[in-house]
Amino acid sequence: MSDLILGVSAFYHDSAAALVADGVPVAAAQEERFTRRRHDPSFPSRAVAYCLDEQGVSLDDISAVAYYEDPRLKFRRLLATFAGAAPTGFTSFRDTLPAWLGRSGKLRTDATVRAELAALGRGRVPELSVRRHHESHAVSAFFPSPYESAAVLCIDGVGEWATTTLWHGRGTDLRPVSELRFPHSLGLLYSAFTYFCGFKVDSGEYKLMGLAPYGKPRYARLIREELIDLKPDGSFRLNMRYFEYLRGQVMTGRGFEKLFGGPRRTSESPLTEREFDLASSVQAVTEEAVLRLARTARERTGESRLCMAGGVALNCVANGKVIDAGIFDEVWVQPAAGDAGGALGAAQAVAAERGARRDHVRTGHDAMSGSLLGPAYGDDEIAAYLDARSIPYRRLDGDTLAAQVADGLARGKIVGWFQGRMEFGPRALGARSIIGDPRNPDMQSAMNLKIKFRESFRPFAPAVLAEDAKDYFDLPQESPYMLVVSQVAAAQRLEAQGGGASGLDLLKVRRSTIPAVTHVDHSARVQTVTDRENPAYHRLLTAFKSLTGCPVLVNTSFNVRGEPIVNSPQEAYTCFMRTDIDMLALGNFLLEKGDQPVWAEESDWRDEIPLD
Ligand SMILES: [Fe+2]
């Protein structure tokens with residue numbers, strides 16, 4: 001039997017569990033998908049139970065449990081931080097302490113993890129191995145990557161102390177090269193601007209990145225002069241005078257307000273030129289820092305390939321710049337680059353110590369199985385759900401389903417696409433996706449406003465047949481996890497219309513043959529789809545191409561704003577009925593909105609889902 005290691009990340013943001021067999025990921029999921037609480041930080045009981053069930057094992061079959069960070073070190077960092085800021089941070093200190101102390105405080109996380117595992121009632125609790133936060137990120141970036149050797153760069157907010165780390169991976173060996181420490185953090189710099197622009201820290205960063213192309217980087221110099229001292233090698237120091245996170249529970253205060261002309265934007269209020277320009281500016285500074293760090297990584301390791309993880313590695317625009325700069329021959333980013341992926345890295349760190357090999361490297365492919373590591377629902381389960389509720393459907397074979405969905409898409413229909421195992425990580429990659437025709441100029445606003453109920457400025461991502469990607473995007477390598485932004489190819493661009501438009505009016509300008517996925521700066525957050533990793537999605541793209549000539553679809557996650565991505569057929573059906581999605585493909589079952597019985601709920605569901 002394989003050597004099974006269970007990894008857990010919990011108690012901060014986006015808890016998750018991952019199971020590896022001889023070092024290979026076989027199951028992984030975020031707790032939010034089961035509890036339906038976005039970014040759920042609680043112990044991932046249900047994700048752990050899923051991982052065990054998926055492999056048909058109990059805790060008795062697990063060799064060790066790996067926890068993704070060291071709570072004692074983290075607490076020491078908090079103590080040192082508060083001591084350094086005293087007496088100004090006392091209130092914040094007093095408010096933070098209870099969460100750490102006491103019987104089930106974070107300081108006793110190892111005991112809590114053991115107790116939570118025991119409470120599952122699934123066998124004896126295995127030995128627990130506590131890893132470091134950045135080690136977990138680094139292993140998750142390198143171990144499953146397709147490279148025999150590589151430079152590994154991890155950039156995030158903060159774990160224990162480290163905020164940016166460089167590693168050198170060779171075979172199964174991963175060694176630290178250098179690190180930058182708290183409070184100097186690129187992730188926290190970006191989060192400070194996220195907060196100042198009125199978005200939520202730890203989830204709104206993605207919105208800020210999407211906002212950046214609407215603005216001009218007119219504050220970039222000011223940021224470089226006042227906020228961050230960025231050295232030629234990519235190392236940096238923040239000017240802590242401007243940041244409040246050492247002293248209190250907020251990111252920015254008066255210093256920021258003075259520097260950027262007034263108070264922070266309140267959430268949901270109208271966006272102004274200032275927010276566009278702030279987003280553009282902090283994005284430009286971040287890209288410059290990441291580029292410098294990448295160059296240093298190349299010099300210090302001599303490697304021609306780069307692996308990345310950590311929250312900042314979800315900044316697919318910066319990743320695209322690194323690839324375009326040609327610093328490395330190839331770049332691979334862990335699809336669960338945020339802290340959820342720490343569960344996987346921690347498990348693989350233990351597996352590596354226990355002798356796991358990286359045999360997948362010989363295949364030239366990564367070991368993530370397309371990041372499709374979550375629960376799947378068989379046709380029998382789906383039929384049982386539909387039949388029990390007398391929900392009308394047609395059952396089709398895979399080819400017919402793809403052809404009929406493609407036909408609907410070409411007629412302007414929006415489709416819920418629920419197939420196979422759910423994605424691990426924040427992006428929907430064609431297993432739990434809402435899809436549409438990217439040639440349709442109205443699709444972007446229809447999907448934002450009538451399907452997702454979210455802000456109109458937010459861009460959508462294209463999924464493209466890997467074999468046709470070059471005809472549509474200037475992408476020098478594959479991007480299976482939608483973590484690389486590239487430019488739409490010149491051949492697909494249209495003569496600029498609507499010259500002189502600015503701000504959100506830029507949205508109305510048609511820029512390419514695939515306007516629904518072309519951002520205002522001609523960029524696109526591409527996912528390349530292969531038959532090997534996602535055959536059903538590949539079949540659909542192929543059917544759409546043979547019907548329309550276009551090998552691209554608009555892809556967005558299957559959820560509404562503020563809700564985690566759907567996991568089960570029931571959640572998919574509910575989302576289908578609550579929104580203007582026209583067709584739902586649940587495995588081999590095709591449902592049309594027009595055939596469905598009237599959908600009624602006692603209260604307005606939108607009141608129950610908190611905004612993100
Ligand atoms: Fe992290």
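What does Lys413 count as at 27% relative accessibility? At that value Lys413 counts as partly exposed, where buried means under 20% relative accessible area, exposed over 50%, and partly exposed in between (1.4 Å probe, protein chains only). The views below show a predicted model, in which local features need pLDDT of at least 70 and side-chain atom pairs count only at pLDDT 80 or more, while totals for chains, interfaces and linings use all residues. Residues are numbered from 1 along each chain as its sequence is written, and side-chain values use heavy atoms, with hydrogens and water left out.

**View A. Lys413 and its surroundings.** Lys413 is found in the loop between helix 15 (398-410) and strand 14 (415-418); here, helices (H or I, at least four residues) and strands (E, at least two) are DSSP runs, numbered from the N terminus. Not counting residues up to four places away in sequence, Lys413 touches Gly408, Ile435, Gly436, Asp582 and Met583, where contact means heavy atoms within 4.5 Å. Between Lys413 and His13 there are 400 residues in sequence and 36 Å in space, taken from C-alpha to C-alpha.

View B. The protein is divided into domain 1 (4-68 + 70-130), domain 2 (180-332) and domain 3 (379-607), with bounds that come from an automatic or database domain assignment. The C-alpha centres of domain 1 and domain 2 lie 28 Å apart, and the contact takes twelve residues from domain 1 and seven residues from domain 2. Together these two domains bury about 720 Å², of which 56% is on carbon and sulfur atoms; buried area is the accessible area (1.4 Å probe) that two parts lose on being put together, summed over both. Between domain 1 and domain 2 there are zero salt bridges, a salt bridge being a side-chain nitrogen of Lys or Arg within 4 Å of a carboxyl oxygen of Asp or Glu. On the side of domain 1 that touches domain 2, helix 3 (71-85) and helix 4 (90-100) each supply at least two residues, and the largest share, four residues, comes from helix 3.

**View C. Glu69, a buried residue in a loop.** Glu69 has its place in the loop between strand 4 (62-67) and helix 3, and with a relative accessible area of 4% Glu69 is buried. The side chains of Glu69 and Tyr68 are joined by a polar contact of 3.4 Å. Leaving aside neighbours within four places in sequence, the residues in contact with Glu69 include Lys74, Val130, Arg131 and His133.

**View D. Helix 6 and what covers it.** How many of the ten residues of helix 6 (residues 133-142) are buried? Ten of the ten are, so helix 6 is largely enclosed by the rest of the structure. Among the buried residues are His133, His134, Glu135 and Phe142. What covers the buried residues of helix 6 includes strand 6 (149-155), strand 7 (162-170), strand 11 (305-309) and helix 13 (341-353).

**View E. A salt bridge between Arg124 and Asp60.** The structure holds 32 salt bridges, and one of them is formed by the side chains of Arg124 and Asp60, at 3.9 Å from N to O. The pair links distant parts of the chain, 64 residues apart, with Arg124 in the loop between helix 5 (109-119) and strand 5 (127-130) and Asp60 in the loop between helix 2 (45-55) and strand 4. Arg124 is partly exposed, with a relative accessible area of 46%, and Asp60 is partly exposed as well, at 42%.

**View F. Backbone features at Pro183 and Asp22.** Phe182 and Pro183 are joined by a cis peptide bond, with omega about 5°, and Pro183 is found in the loop between strand 8 (173-181) and helix 7 (186-196). Asp22, although it is not a glycine, has a positive phi of about 50°. Asp22 is found in the loop between strand 2 (16-21) and strand 3 (24-30) and, at 40% relative accessibility, counts as partly exposed.

Definitions and conventions
A polar contact is a pair of N or O atoms within 3.5 Å; within protein, one must be able to donate a hydrogen and the other to accept it, and residues adjacent in sequence count only if both atoms are side-chain atoms.
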